[in-house]
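The points are numbered and can be read against the sequence and the 3D view.

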Amino acid sequence: MWESKRGDRGAWINRLGYAALLVLESLLKYLPLPIAVASGRFITGTVWHLWPRVRLRTLENLQFAYGDALSPAERKKIGRGVFSWIGR
């Protein structure tokens, strides 16, 4: 009856992840600022470690933008910094 495609599964996972982030965002706005910032940084740090697709895309984009000017360790440091900044 329903044919599942791998692309459909990925799209649903992305939608669920986005919905979860919207819920978290709506909850965080009611917390005191220092707690909200710490929570946001924790969440984005968790995403960096547990969502390899996002992490790899970030590192690929940095490789594309900077080429060989940055070492892999520098790209990783910048990528983690971006996620930390987003969590604020």
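1. Ser84 counts as buried, because its relative accessibility is 16% and the cut-off for buried is under 20%. The residue sits in helix 4. The model is a predicted one, and the points below should be read with that in mind.

2. What does Ser84 touch, leaving aside residues up to four places away in sequence? The contacts of Ser84 are with Arg41 and Thr44. Gly45 lies 39 residues from Ser84 along the chain, yet the C-alpha atoms of Ser84 and Gly45 are separated by 6.6 Å.

3. The next point is the packing of helix 2 against helix 4. Helix 2 covers residues 33-50 and packs on helix 4 at an angle of about 140 degrees, with the two axes 7 Å apart. The crossing of helix 2 past helix 4 is right-handed. On the helix 2 side the contact consists of Arg41, Thr44, Val47, Trp48 and His49. Helix 4 contributes Lys76, Gly79, Arg80, Phe83, Ser84 and Ile86. Sorted by class, the contact between helix 2 and helix 4 holds 4 nonpolar, 4 polar and 3 charged residues.

4. Helix 4 also packs with helix 3. Helix 3 spans residues 52-66 and helix 4 spans residues 72-86; the angle between them is about 120 degrees and their axes are 10 Å apart. Helix 3 is therefore oblique to helix 4. Helix 3 passes helix 4 in a crossing that is right-handed.

5. Which residues form the contact of helix 3 with helix 4? From helix 3 come Val54, Thr58, Leu59, Leu62 and Gln63, and they meet Arg75, Lys76, Ile78, Gly79 and Phe83 of helix 4. By class, this contact has 5 nonpolar, 3 polar and 2 charged residues.

Notes: Residues are numbered from 1 along each chain as its sequence is written. This is a predicted model: local features need pLDDT of at least 70, side-chain atom pairs count only at pLDDT 80 or more; totals for chains, interfaces and linings use all residues. Side-chain values use heavy atoms; hydrogens and water are left out. Axes are lines fitted to C-alpha atoms, for helices over the stretch in contact, and angles run from 0 to 180 degrees between N-to-C directions. Helices (H or I, at least four residues) and strands (E, at least two) are DSSP runs, numbered from the N terminus. Angles under 35 degrees count as roughly parallel, over 145 as roughly antiparallel, 65 to 115 as roughly perpendicular and the rest as oblique. A crossing is left-handed if the near helix is turned anticlockwise from the far one by less than a right angle, and right-handed if clockwise. Contact means heavy atoms within 4.5 Å. Ala, Val, Leu, Ile, Met, Phe, Trp, Tyr, Cys and Pro count as nonpolar, Asp, Glu, Lys and Arg as charged, and the others, Gly among them, as polar. Buried means under 20% relative accessible area, exposed over 50%, partly exposed in between (1.4 Å probe, protein chains only).
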